Each structure stands twice: as C-alpha cells, then as structure tokens.
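Thanks, everyone; I would like to take a few minutes to walk through one chain, starting with its overall fold and then turning to how some of its elements pack. Please have a look at the sequence and the model first.

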Amino acid sequence: MTENNLRKIRKDKRLSQLQLSVKTEISPGIISSIENNKIYAYPGWRERLANALEVEEEEIWPDNN
C-alpha cells in the first residue's frame, strides 16, 4: 500500500483526527487506518481530506502518480 503524509500534514495544520473527521465527514477510525496504511483511501476520501487540509492530493500521496 502507498505510504502517505496524512498524519504529518494533519499535525502540521494542528488538527486532531476528530477535527479532521468533522471537516471531512470521514470517521476518526478510518482516518487513523488511512494514516497507518491499513486501508486504501478511496478517491472521494482523498479529495475530501486534501480539501479539508488545503493541500493538493499529491502532497498527501506523493507516490500515487
């Protein structure tokens, strides 16, 4: 599974998983699983996470090209 920078970017933005969950309507458990590379982040989730963190998807998933 592709490594990601979700945890680092979320922490840089000073957001908890719960706060990001509220912004994205993705459960904190799913966010945790994505951060730990336990589950695949579907395109819709990727878009919502990137929008909420105000970054491009490629910043979160740099090896996904």
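Predicted model: local features only at pLDDT ≥ 70, side-chain atom pairs only at ≥ 80, totals over all residues.

Residues are numbered from 1 along each chain as its sequence is written, and side-chain values use heavy atoms, with hydrogens and water left out.

The secondary structure comes to 5 helices and 0 strands, where helices (H or I, at least four residues) and strands (E, at least two) are DSSP runs numbered from the N terminus. Along the sequence, that gives the pattern α-α-α-α-α.

On overall dimensions, the C-alpha trace spans about 30 × 20 × 20 Å along its principal axes.

Of the 65 residues, 37% count as buried, meaning under 20% relative accessible area with a 1.4 Å probe, protein chains only.

Now to the packing: at what angle do helix 2 and helix 3 pack? Helix 2, residues 17–24, and helix 3, residues 28–35, pack at about 110°, with their axes 8 Å apart; axes are lines fitted to C-alpha atoms over the stretch in contact, and angles run from 0 to 180 degrees between N-to-C directions. The two are therefore roughly perpendicular to each other, a label that covers 65 to 115 degrees. The contact, meaning heavy atoms within 4.5 Å, is made by Gln17, Leu18, Leu20, Ser21 and Thr24 of helix 2 and by Pro28, Ile31, Ser32 and Glu35 of helix 3.

The second pair brings helix 2 together with helix 4, residues 43–53, whose axes come within 9 Å and cross at roughly 110°, so that helix 2 and helix 4 are also roughly perpendicular to each other. Here the contact is made by Leu20, Lys23 and Thr24 of helix 2 and by Arg48, Leu49, Ala52 and Leu53 of helix 4.

Terms used:
Parallel < 35°, antiparallel > 145°, perpendicular 65-115°, else oblique. Buried < 20%, exposed > 50% of the residue type's maximum accessible area, 1.4 Å probe, protein only.
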